[in-house]
Each structure stands twice: as C-alpha cells, then as structure tokens.
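Hi there,

Here is the structure I promised to hand over. Have a look at it first, and then read on for what turned up.

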Amino acid sequence: MSDGVKVLCRIVARRILKTNLKSIDTIIKREMVKEPDQDARGRAATTAPNDVFKVSNESFNILSNCNTSELTLALLESCQNTLQYYQSGLTWIIRYQDLTMDQLCAMCNNTLTYVNGTKDFVKQAESLAPAMKEEIPKYFDETSVNKGFVDIGKRAYEKIAEKAFESLVERWQIKPFLEIDVEKSLTQIIEKLSDTTSKIHNNYSQKIDVACLESVVTHYIQTFLYSADNNKITKKHGKALTDKLGNDLDILRQVFSKLKKNAVDNALGSITLFHEFFTQGYAFLSSSIKKMKETYGSSLKWKTIELFIKLREDDIPKDEKEEVVQSCKEIYKTTEQISKGNSQFNVFKKVDQVVHGEELNHK
C-alpha cells in the first residue's frame with residue numbers, strides 16, 4: 001500500500017479519535033455525578049464499561065466499507081488512546097472529586113468488566129485482521145490497558161478506606177496519643193463500613209481490608225508523631241507508652257485477624273518497630289534505628305529519630321548519653337547511604353513528620 005493511503009488511514013483514525021473523546025467525556029461526567037445501580041447480587045455497578053467499549057467497537061464500523069490491515073491497525077491505536085484517555089479521566093475524579101462510597105464501589109466492580117471487555121476487544125480485532133495478529137500488540141497493548149483499569153480499581157478501594165477512616169483525624173489527632181481508644185474507634189467505623197463492603201465484589205474484600213488497616217496505621221503513627229512533637233508524650237510516660245503500643249498491636253491484630261498474616265505484619269511493621277525501640281535496653285537503640293532505616297529508607301527522617309531518643313533519655317545513664325546518641329546518629333547516616341527501604345507499606349511516605357512546627361515530609 002502506498003504511503004499516501006497510509007497517511008489517509010491515520011487521518012481517518014485521528015478524526016474518529018476526536019469524535020470518540022467527546023463521547024468519553026460524556027461518560028466520565030456521568031460517572032462523576034450519577035449514583036450507581038445494584039446488580040442482582042446487590043453490588044454497585046454502572047453501564048460505563050459497556051458504554052466505553054461500545055464507543056471503541058463502533059470505530060470499526062468504517063471497515064465495512066474499507067477493510068484494510070493498515071486502517072485496522074490505525075483504528076486500534078486510536079482505540080487504545082481512547083481507553084487511556086478514559087482512564088485518565090477516572091483517575092482524576094477519584095483523586096479530586098468527592099465521590100460517594102457507592103460510586104467508588106462501582107468503580108472497583110467495573111474493573112473486572114473492563115478487563116474482560118479489553119480481552120473481547122482484542123479478539124474482535126484479531127478476527128478483523130487475522131493476517132496482522134502478531135502486529136496488533138504494537139498498536140493496542142492489552143497488558144498496558146488492563147493495568148490502567150486495575151490501577152483505577154486500586155485507587156478506588158484505597159479511597160474507600162481513606163473516606164471510611166478520615167474521621168480518625170478528628171477523633172485521634174486532637175487528643176494526646178495515650179488517650180486514643182483504638183478498639184472503640186475501629187468498632188464504630190467498621191460497623192458502618194460493612195454496608196459499603198457488601199456492595200463490592202469478593203475479589204476486593206481482602207484488598208479493602210488491607211487498605212483499611214494501612215489507613216488506620218497511618219492515622220495512628222500521625223497521632224503519635226504529633227503528640228511526641230507537642231510534648232503530649234514525654235520521657236515520663238515510658239511504661240504507659242510501651243503498654244499502649246503493645247496493647248494496640250494486639251487489638252489491631254484481632255480486629256484484622258481475617259487477613260493473611262504477612263499482610264498484617266507488613267501493615268503493622270512501623271508500630272512493631274516502635275514497640276521494640278521503646279522496650280529494649282538503651283544499648284540496643286542504634287540496632288533498632290538501623291532496622292527502622294533498613295525498612296523505611298530515606299522516608300524516615302533523623303528529626304523523627306531524635307524524638308524517639310528524647311523519649312528514652314531517662315533510660316540512658318548521663319555519662320553514656322552522648323556516646324549512645326552519637327552511635328545512633330552514625331548508624332542512621334551509614335544505613336541512609338546503603339538502604340532504600342524494603343517495606344511494601346511505607347507509612348513514613350504518608351504522614352507529616354513534624355518537629356517543632358517544621359514540616360519534614362509532606363503527604
């Protein structure tokens with residue numbers, strides 16, 4: 001086929017893309033304002049997946065009059081751009097719009113339909129251009145498109161957890177850390193959350209629970225840091241602090257006992273390391289700091305470590321204090337240079353580490 005015809009095929013595909021994007025804008029706006037329906041199982045759902053793939057499938061109607069491999073491939077590339085444009089729109093509204101829990105549930109559930117729709121779309125393309133089957137992935141990357149939809153599902157269930165536990169900002173962070181009642185707070189929130197989780201596909205139940213636990217830990221650590229920075233926790237609270245950390249770990253493990261152990265251990269890693277730091281002998285503080293730095297890398301700031309050391313001051317003999325602090329500082333710097341962190345859930349990337357009003361790490 002001549003270069004002129006190839007150029008013409010690309011022009012046609014671009015015009016179809018322009019039309020498609022207008023239709024996609026309409027679908028995105030509808031997802032932003034319309035409450036979803038419920039399917040026969042009571043799960044939240046919308047017609048968006050069918051509507052989106054209808055737009056893409058209709059792009060191929062032109063092939064009934066001009067079925068060429070070059071035009072098919074050009075249309076495939078146009079369809080990938082259409083779907084990725086749609087994904088960008090959904091990502092934006094999840095991040096910036098105040099969606100309801102039902103809308104977020106529907107976005108999770110729709111993810112499964114999107115992935116199946118992508119598979120069917122590729123099969124259709126292969127049937128239209130069987131001779132170009134090996135070329136299709138170069139113009140329509142099924143793996144990349146599906147990853148985009150899976151990422152949207154992840155953003156949606158993380159947002160559900162964030163919204164469910166956002167009340168902890170008011171319940172916890174206005175109180176001294178030692179006064180927060182973890183068990184009471186979680187019981188009330190989880191009871192309300194059960195109605196939401198009943199509207200979501202089983203594939204997401206564990207994922208939402210993990211996201212909820214991570215959200216709780218984020219608020220918990222944030223409350224701890226604020227209290228420590230504002231002297232609501234001091235060195236005189238040593239035993240009360242270690243008792244609370246240990247008791248709260250037990251409560252969190254019990255509340256989220258249905259999760260896989262490695263998921264719970266990973267989410268609770270920061271609290272576990274805090275508990276170790278405040279319970280072990282002062283001679284082992286540098287070892288504890290090394291472990292924290294190896295886990296959280298550069299996200300864990302020295303100013304935060306200083307807060308911890310300050311809370312252990314009474315446990316360190318006066319004639320050894322300077323040596324102990326220097327040892328902690330050296331191990332911190334050494335580990336900073338060689339470790340990027342290995343935690344799957346790095347809570348220190350999510351909290352503000354504040355020392356005397358100086359923000360060291362923003363959300």
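Let me start with the charges: the chain has 52 positive and 50 negative ones, and their mean positions are 2 Å apart. Lys and Arg count as positive here and Asp and Glu as negative, while His and the chain ends are not counted. Each charge is placed at NZ of Lys, CZ of Arg, CG of Asp or CD of Glu.

Some notes on the source: this is a predicted model, in which local features need pLDDT of at least 70 and side-chain atom pairs count only at pLDDT 80 or more, while totals for chains, interfaces and linings use all residues. Residues are numbered from 1 along each chain as its sequence is written, and side-chain values use heavy atoms, leaving out hydrogens and water.

Now the overall picture. The chain has 15 helices and four strands, taken as DSSP runs numbered from the N terminus (helices are H or I with at least four residues, strands are E with at least two). The radius of gyration is 26 Å, well over the 21 Å that the globule rule gives for 363 residues, so the chain is more spread out than a compact globule. That radius is taken over C-alpha atoms, and the rule is 2.2 Å times the number of residues to the power 0.38. Along the principal axes, the C-alpha atoms fill a box of roughly 90 × 45 × 35 Å.

Of the 363 residues, 46% count as buried (buried is under 20% relative accessible area, exposed over 50%, partly exposed in between, with a 1.4 Å probe and protein chains only). In the largest nonpolar core there are 103 residues, and Tyr 86, Ile 221, Phe 224 and Phe 308 touch the most other members. Such a core is a set of buried Ala, Val, Leu, Ile, Met, Phe, Trp, Tyr and Cys residues joined through side-chain atoms within 4.5 Å. Beyond four places away in sequence, the residues that Phe 224 touches include Phe 177, Phe 274 and Phe 308; contact means heavy atoms within 4.5 Å.

Two more residues are worth a look on your screen. Gly 153 lies in helix H6 (residues 142–164) and is buried, with a relative accessible area of 0%. Leaving aside neighbours within four places in sequence, Gly 153 is in contact with Cys 108, Thr 111 and Tyr 204. Asn 231 sits in the loop between helix H9 (205–229) and helix H10 (238–255), and at 47% relative accessibility Asn 231 counts as partly exposed.

Best wishes
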